[in-house]
Amino acid sequence: MALAAPPPARGHGLRRALAPYALISPTLLLLATFLLFPVGSVLYYALQHHVVNEPYDDAFVGLANFRQMFGDEQFWSSLAFSAKWVFAEVMLQLLLGLALALIVNETFVGRAVARALVFSPWAVSGVLTTSIWMLLYNPATGVFHYLAELGVGNAGTSVLGNPDTVFSAAVVAELWRGVPFFAILILADLQSVPKELYEAASMDGAGRVRTFLHVTLPHLRDAIVLATLLRSVWEFNNVDLLYTLTNGGPAGATTSLPLYVAQLARKSYDFGYGSALTTAAFVILLFCSVLYLRLSKFGREK
Amino acid sequence: MSRTLRTTAAALAALGLLTACGSSGSSSDSGGKTTITFWDNNAGPARTPLYQKLIADFEKANPTITVKYVGVTSAEVAEKYNTAIASNSTPDVGGVTTALLASLTAQKALDPLDERYAKSALNGKIAANFLEISKSASGGKGLFQLPSSGNQDVIWYRADKFKEAGLSAPKTWDELFAAAAKLTDKGKNQYGFTIRGGAGSGFQVLSEAYAYSGLTTMFDAAGKSTVDDPKNVALIEKIAAQYKATTPEADVSNAYPQMLAQFQANQVMMVHHNLGSTRDVKTALGDKVAGFLLPAGPDGTSVLANPVDGFSLFKNSKHKDAAWKFVEFLDSHEANSYWNQNVGQIPANTEAYADEWYTTSGITKQAGDSLNSPTTKLVQPPVYLPQYSKITKTDAEPNFQKVLLGKTSAADFAKSVADAFTKAQADYQAKNK
């Protein structure tokens, strides 16, 4: 190979120019297939009347789907539920995740085991999480059955069937899976805090609380901002757990916006209106994310 | 090969991989043999082996035809058919219930069967009421599905517990509610009845309402839905009053699997489902379980027609004759009888009604006699409406939960369903003049 004659100069130049494009072409192709095309088709269908079993009515309808959205009570109630869900989940996950990370960051006997246990729920899939919690909540075989036998509460208590308790029950199930995510990210960042800062703080006579507030927390800021943002988007789009745990019920008490879209598509076959709602959700998420990043001054030097 | 060529080739190979995923031939010919693809619309460990046996029998009798079996679960079959229609990859023949028929015919995916059936040896042997349900389901535009199995709502009850309590199978709704109250012992976590509050609740509560009211049509002469008739509302109120009184609290979100689990775990004494669960309850409880048809109200009773299962030929098929041959085989006396005996449903082939398993089947025969009797008032649900699934599922299910939880009245619930049906019916008739 080393002895082969060098290729003609002209062809060489053209090839050099084309090579980078050839190299990135698989990536572009994949992006176009799996990102641009689906996003584009959602935007396209958002402007169409497209109900699978009413094909004779399919037509371009402009913004009619969006007008319908403003008068749709279920859209607003599902959006309100999504906001409540994201807020409750992210705040609680952050607080508990931070607490767990601080605990497993200390030195104690059995720390490695404790760390593994803290992180293990993260490795469980959403549907499996649901199955575990459904068994726990099952009125005939779950924890409330045993509590009732001990004289606490009533036999047959169904926390998922009661609109007053279903929200807390679903939040707890999702917390179990979500807390480790915060714990992992925060722990990773905790370990990069320079030891000198703590030494300096202790020289200055700062106690544990002040050290935490003035050294640890500022150092964790970017990690917390990023984790809360990612988690907010994921929790907003959470379908698997709610779909399998409550299916939006009872009486729509846990129907989030993505779940409402899923129901429109799966049961009503209304892909046009469903796409419009998805587009709205996309715009809302984009707006909130940009606003959050701006307000938190993410990535800027202190 | 130069580097550029190599990278280009790699890129093309990647493209090839992507496109390879998209192609799927529905059928093929090779060496004088025809292969047809058959979709089972309710695949599972109980039914798939039955089809495998029937397919083997068919291929033995028709050596030139090979049947490719594709099992699809009932939960996702609507989606799979819709996707297949959109991508032109429908099978040659598939199982289709009347619940799905209107959606498939609206998309012009099915081939009419009237002529084939008229010329077939099966002509006259398929139960007339089944054919009527099937034709009604596609909007009266012809026969697009050859029925194979009929179904009927049934209430399974614990015969042993009824006997212990000195009760017999209820004949009226009031007797049923009285029995439910007598068999409820909340301290022991035992309930007389269970309400379907989760998936599938819409059809279930409507079939209960019409069984009680005895109304014979879904729409009156003016095209107005009868769902909110005071007699229907009265029964929905009675059902809602059972919630937490004679039924578990979890009912509000329970669908069929959870209801059946409670029944099998001795927690509920009566469960309303249909013949589709015959095998499940008999396997779990044996002789301890028996069934009765939905009880009557003060003005007699009607039967809200259950979906009828059957087979349809798809328009895009290149082997319709071979596919029809397979359908004829499945609906023949022997195969149809074998199938229905094993799934506990009512055969569509009337020749099977003389078979011993059927005459001694108890509830299955009772349900079949009711479904086939000319005196039975059969109410056809408007499954031909494109919005049927939206009205009875997306909208009605959460609303019915509100009724159970006391957040909406039974009358308001019935009115919302009725108004939606009336409007959908008017739209439908305007389009199909």
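**Figure 1. Where chain B meets chain A.** In this predicted model, 40 residues of chain B are in contact with 35 residues of chain A. Three helices of chain B each supply at least two residues of the side that touches chain A: α1 (3-22), α4 (98-106) and α17 (388-404). Of these, α1(B) gives the most, with 9 residues. By type, the residues on this side of chain B divide into 15 nonpolar, 17 polar and 8 charged.

Figure 2. Strand β7(B) spans residues 270-274. Its 5 residues are 5 of 5 buried, so the strand is largely enclosed by the rest of the structure. Both faces are covered. B:M270, B:H272 and B:N274 lie on one side. B:V271 and B:H273 lie on the other. Strand β6 (residues 153-158) of chain B pairs with β7(B). The pairing is antiparallel and runs over 5 bridges. Look for B:D153, which stands opposite B:N274 in β7(B).

Figure 3. Is B:I126 buried or exposed? B:I126 has 24 other C-beta atoms within 10 Å, and 20 or more count as buried, so B:I126 is buried. Leaving out residues up to four places away in sequence, B:I126 touches B:L131, B:L146, B:P147, B:D331, B:A348 and B:N349. B:S332 is 206 residues from B:I126 along the chain, yet their C-alpha atoms are separated by 9.5 Å.

Methods:
Residues are numbered from 1 along each chain as its sequence is written. Chains are lettered from A and ligands numbered from 1 in the order in which they are written. This is a predicted model: local features need pLDDT of at least 70, side-chain atom pairs count only at pLDDT 80 or more; totals for chains, interfaces and linings use all residues. A residue is buried if 20 or more other C-beta atoms lie within 10 Å of its own, exposed if 12 or fewer, and partly exposed in between; C-beta atoms are placed from the backbone. Helices (H or I, at least four residues) and strands (E, at least two) are DSSP runs, numbered from the N terminus. Two strands pair if DSSP finds at least two bridges between them. Two residues are in contact if their C-beta atoms, placed from the backbone, lie within 7 Å. Ala, Val, Leu, Ile, Met, Phe, Trp, Tyr, Cys and Pro count as nonpolar, Asp, Glu, Lys and Arg as charged, and the others, Gly among them, as polar.
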